[in-house]
2 protein chains.
Amino acid sequence: MTFSVSILATGSELLDGRVLDTNSHFVARELSERGLKLKRVLCVDDDIDELLAGLRQLTEVSQLVITSGGLGPTSDDLTRDLLAAAAGVSLVEFPNARAHLESFYRARGRVVDSTNLRQALLPEGAEMIPNPIGTAPGFIVRVGTSIVCSLSGVPREFQRMFNETVLPLVVSKAGLTETIQRRSFKVFGLPESLVGAKVEDLALSKEVTVSYRAAFPEVHVTLKCSGATRLLDEAAAAVRGVFAPHGFIFTEDPKITLLQSVHALLLANGLTVATAESCTGGMVGQFLTQQPGSSGYFRGGVLAYSDEVKRRELGVPETLISSHGAVSAEVVAVMAEAARSKFKTDYALAVSGVAGPDGGSDAKPVGTVYLGVASSAGVLTRLCFYASERENVRRYSSLAVLDMLRRSILGAALPDGYPVMKF
Amino acid sequence: MTFSVSILATGSELLDGRVLDTNSHFVARELSERGLKLKRVLCVDDDIDELLAGLRQLTEVSQLVITSGGLGPTSDDLTRDLLAAAAGVSLVEFPNARAHLESFYRARGRVVDSTNLRQALLPEGAEMIPNPIGTAPGFIVRVGTSIVCSLSGVPREFQRMFNETVLPLVVSKAGLTETIQRRSFKVFGLPESLVGAKVEDLALSKEVTVSYRAAFPEVHVTLKCSGATRLLDEAAAAVRGVFAPHGFIFTEDPKITLLQSVHALLLANGLTVATAESCTGGMVGQFLTQQPGSSGYFRGGVLAYSDEVKRRELGVPETLISSHGAVSAEVVAVMAEAARSKFKTDYALAVSGVAGPDGGSDAKPVGTVYLGVASSAGVLTRLCFYASERENVRRYSSLAVLDMLRRSILGAALPDGYPVMKF
């Protein structure tokens, strides 16, 4: 049986919606980094019967249980009583806990009263967990065959106590000596189901675990393997072989976003860029200026929301709009070229589409967006179609035109027959 | 025994830290608003034994259990099997579920394959819960003496299914007849601490509970009272008396955002607007075009990120920039007036500031932003200062200039001596 860790998150504030439980998520991430998945997370109220029932369920399935919360001085702080009852011992005052409390309050010009002193009472035989940044210490106590670690519920106290005391204990008890290695790929321009299908087709080594995350509209693929670097490298090369030749992988660094990739490419190549936006209304410009240092490449843009502004500010001929419509490859091409010439930049990006929920037609339903990228090589346009809510359409098309810019800079054209993107 | 509701949150991604469970928090808040506290939240892995054990624990203590997740088409989506097993019935294809799937995929130009059709299999005798914005429908099934409602784990699908189907069921089953009455106030332009202090000064009736929520940069104040409308009305009048005369309350409707307030004001008054943005790089335009129907007032804008664009496109004199700096009341005034005249609108908004993290000086530290609103009455400028991260500075100043627009339309000037906003 693999070593198993569960969490008992306690507190009314978690069940009445005042507080979102982020402590469990924090532990899940930390353990996952070391190849261990949490068994269960149970959230119960500050009620001794509920707490006892909850603790019992978790100690039955896990060798280590972490409790969060309930260590404060007030009458609804019941974790000390819970663990004393579960371990069948009394609460006794721990001199080092009392000394910590007294010095903590003294440093803040306050005196410890009898209510606050409750925090120095711990289950007899427990091991105290120091809380250097708060009042209530935690503790470790054995309940049946399980180890229970009780930590403060305040996130920064919880995290510090977890990192300093609980994590080393789990690593040692669970024998986590093998390091999990990973390779990450961030893909733009393919739906998660297609990415998944293409990776499944590779029939990678069983030693390598594959996970997917859709971080709309990006898809992140992570390969994990304990120990065997060669297997992982082979699997990574296979994944790269499928997606990299067509430029679908924009980074292999799990910390880099598409916006940061584009930012770095523009700066590294000393390129400048401008925008001409209709349905996105400024979102492309906002994305391009999100990273510090964006004045190194972004010059300016025109928000050409009305047709009149498209004509007057970007010189889109009235006849072009009346014959093809404002949402068309023809119009977006003129917008991109006009912005490039107006702002004297290396590149210019243009977007015009039907963001919805109204304004769609049979020929151009909601979600129809034309994208254009102008450069010294001319102008490239593309139709993308993403049927969703207004803000999703706008977000998707803003990122899609930035991805076109990335591809233009890298010379990574979309493969022949690449379809209009549909999710 | 009071009616009790618990949640079974399913999915590896919750236990390995990839995803934070926000669905349970959402339900906790919605139920709490109606005076009901969740009993337990249990998070278990996609494993049929774990799921069965978890479901059993919750149905033992709660009359209604909500499950989230596990309704997708892949092999680790086990919620349908779980509930069929727990209810002792078979899975059968629901024709309305199949029809929904087919039309959902058809609308996206895709064909439903046999894998996807798994989503049309529901426990025999279940009541289907429609999922208008996703593929997998949910369902309601009886397990022992409990009702189990299974919802999609995707937050926006989960929320919609909860609001449309589960919440009315809980309200009816739990007999939530005692109505908690509430009055909401959304405040813009004052920090939460100051709002709180001013409300505390009112010494409202003890029967009225006050809660605050900082929805950056808005502050929401909610007054609640069970039954006594008169007390609540008195308290509401007192709160209104403090904040309304100076225009700090932009709405008393809890569902309306600042962007929606501005949207409605522009449409109701038949006004048009344009923008000239520097440090926000398009965010003001993006906000102004977020609501459907924004073409009714938004004409266009200039993203004048570089000084050259400020000069050439907006006619900001070079001497003005060299004497006052691009981040100045003088420059922002010219930008606003130029945008108003270029786009021939009733109003024009301009923003120029130091978003950081670099570019600050002693005189104009990071967070210094000048805002301008031009109208037929002339141009109004304001300095706002919000020392924070780049994206917070940009977001705050974009919303602050929209709030200036709202005040201009309503003729609600800031009070004399209103300070540069510091949080």
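A: Let's start with the polar contacts: across the interface of chain A and chain B, 39 residue pairs are in polar contact, both residues being at pLDDT 80 or more. A polar contact is a pair of N or O atoms within 3.5 Å; within protein, one must be able to donate a hydrogen and the other to accept it, and residues adjacent in sequence count only if both atoms are side-chain atoms. On the side of chain A that touches chain B, strand 14 (residues 298-304) of chain A gives the largest share, seven residues. Helices (H or I, at least four residues) and strands (E, at least two) are DSSP runs, numbered from the N terminus. Sorted by class, that side of chain A holds 25 nonpolar, 25 polar and 21 charged residues. Here Ala, Val, Leu, Ile, Met, Phe, Trp, Tyr, Cys and Pro count as nonpolar, Asp, Glu, Lys and Arg as charged, and the others, Gly among them, as polar.

A word on the model: it is predicted, so local features need pLDDT of at least 70 and side-chain atom pairs count only at pLDDT 80 or more, while totals for chains, interfaces and linings use all residues. Residues are numbered from 1 along each chain as its sequence is written, chains are lettered from A and ligands numbered from 1 in the order in which they are written, and side-chain values use heavy atoms, with hydrogens and water left out.

Now the whole interface. Contact (heavy atoms within 4.5 Å) involves 71 residues from chain A and 65 residues from chain B. The buried area, meaning the accessible area (1.4 Å probe) that two parts lose on being put together, summed over both, is about 5,300 Å² between chain A and chain B, and carbon and sulfur atoms give 52% of it.

Charges meet here too: there are nine salt bridges between chain A and chain B, each a side-chain nitrogen of Lys or Arg within 4 Å of a carboxyl oxygen of Asp or Glu. One of them joins Lys37(A) to Asp45(B), with the closest N and O atoms 2.8 Å apart.

Strand 2 (residues 41-44) of chain A pairs with strand 2 (residues 41-44) of chain B in the antiparallel sense over three bridges; two strands pair if DSSP finds at least two bridges between them. Leu42(A) has Leu42(B) as its bridge partner.

Finally, look at His25(A), found in helix 2 (residues 23-33) of chain A. A polar atom of the His25(A) side chain lies 3.4 Å from the backbone oxygen of Val19(B).
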